[in-house]
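Subject: Structure handover

Hello,

Here is the structure I promised to pass on. Please open it first, then read the notes below.

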Amino acid sequence: MKTITIVLMAISAILSFKHGWDAFRPATSEQLKMMTMLGTSPNLMPYLGALSISIGLLLLFPQTFFISNVLNACTILLIMALALRAGDVKTALIEIPFLALPLLLIWIKSNFQLNLWSWS
């Protein structure tokens, strides 16, 4: 079980770092189109990138594991809500697996710490 948790944590951290790093690069035309559709400004991108990198770093420390996953889930929910407000159901549905990852990590880690996996 510990291996699954580590692999999922690594995937989540890598995704956070990648999305954060991409936010500091010049936006492509597709990214600009999506930001316009969601009603956000390109000026917001560096702040979201810094938040994403911070979430990825917080995920690596046991003391901040829970809050980093909560923040990750909140940012994904924000993206989903903005997409639904813009009428883009497809983008909101695409985000569901990404929302499931931090919630699954919280559940696995909580059960692992409470020793619910032992049958004795």
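Which residues does serine 16 touch, not counting residues up to four places away in sequence? They are Ser52, Ile53, Ile55, Gly56 and Asn72. Contact here means heavy atoms within 4.5 Å. Serine 16 sits in helix 1. Serine 16 is buried, at 5% relative accessible area. Buried means under 20% relative accessible area, exposed means over 50%, and partly exposed is in between, with a 1.4 Å probe and protein chains only.

A word on the source. This is a predicted model, in which local features need pLDDT of at least 70 and side-chain atom pairs count only at pLDDT 80 or more, while totals for chains, interfaces and linings use all residues. Residues are numbered from 1 along each chain as its sequence is written, and side-chain values use heavy atoms, with hydrogens and water left out.

Overall picture

The protein has 6 helices and 0 strands. From the N terminus, the order is α-α-α-α-α-α. Helices (H or I, at least four residues) and strands (E, at least two) are DSSP runs, numbered from the N terminus. Along the principal axes, the C-alpha atoms fill a box of roughly 55 × 25 × 20 Å. The protein has 120 residues, and 30% of them count as buried. Take the contacts with a separation of 6 or more: residues 24 or more positions apart account for 66% of them. The accessible surface is about 8,000 Å². Carbon and sulfur atoms hold 73% of that surface. Areas come from the Shrake-Rupley method with a 1.4 Å probe; for residues, only the protein chains shown count as cover.

Salt bridges

The count is 2 salt bridges. A salt bridge is a side-chain nitrogen of Lys or Arg within 4 Å of a carboxyl oxygen of Asp or Glu. Aspartate 22 pairs with lysine 18, with the closest N and O atoms 2.5 Å apart. Aspartate 22 also pairs with arginine 25, at 3.2 Å between the closest N and O atoms. Lys18, Asp22 and Arg25 are therefore linked in a network of salt bridges. Aspartate 22 and lysine 18 are 4 residues apart in helix 1 (residues 2–23), so about one helical turn separates them. Aspartate 22 is buried, at 18% relative accessible area. Lysine 18 is partly exposed, at 44%.

Leu44, Tyr47, Leu48 and Leu51 make a nonpolar surface patch of about 370 Å². Patches use residues with over 30% relative accessible area and no salt bridge; like charges are joined within 9 Å, nonpolar side chains (Val, Leu, Ile, Met, Phe, Trp, Tyr) within 5 Å. Tyrosine 47 is in helix 3. Tyrosine 47 is exposed, at 62%. Phenylalanine 61 lies in the loop between helix 3 (45–59) and helix 4. Phenylalanine 61 is partly exposed, at 48%. Phenylalanine 61 and leucine 51 are 10 residues apart in sequence and 16 Å apart in space, C-alpha to C-alpha.

Helix 4

Helix 4 covers residues 65–85, which is 21 residues. Helix 4 reaches 30 Å from its first C-alpha to its last, close to the 30 Å expected at 1.5 Å a residue. The expected span is 1.5 Å times one less than the number of residues. Buried residues of helix 4 include Phe65, Asn72, Ile76 and Met80. Glycine 87 follows helix 4, with a positive phi near 85°.

Best wishes
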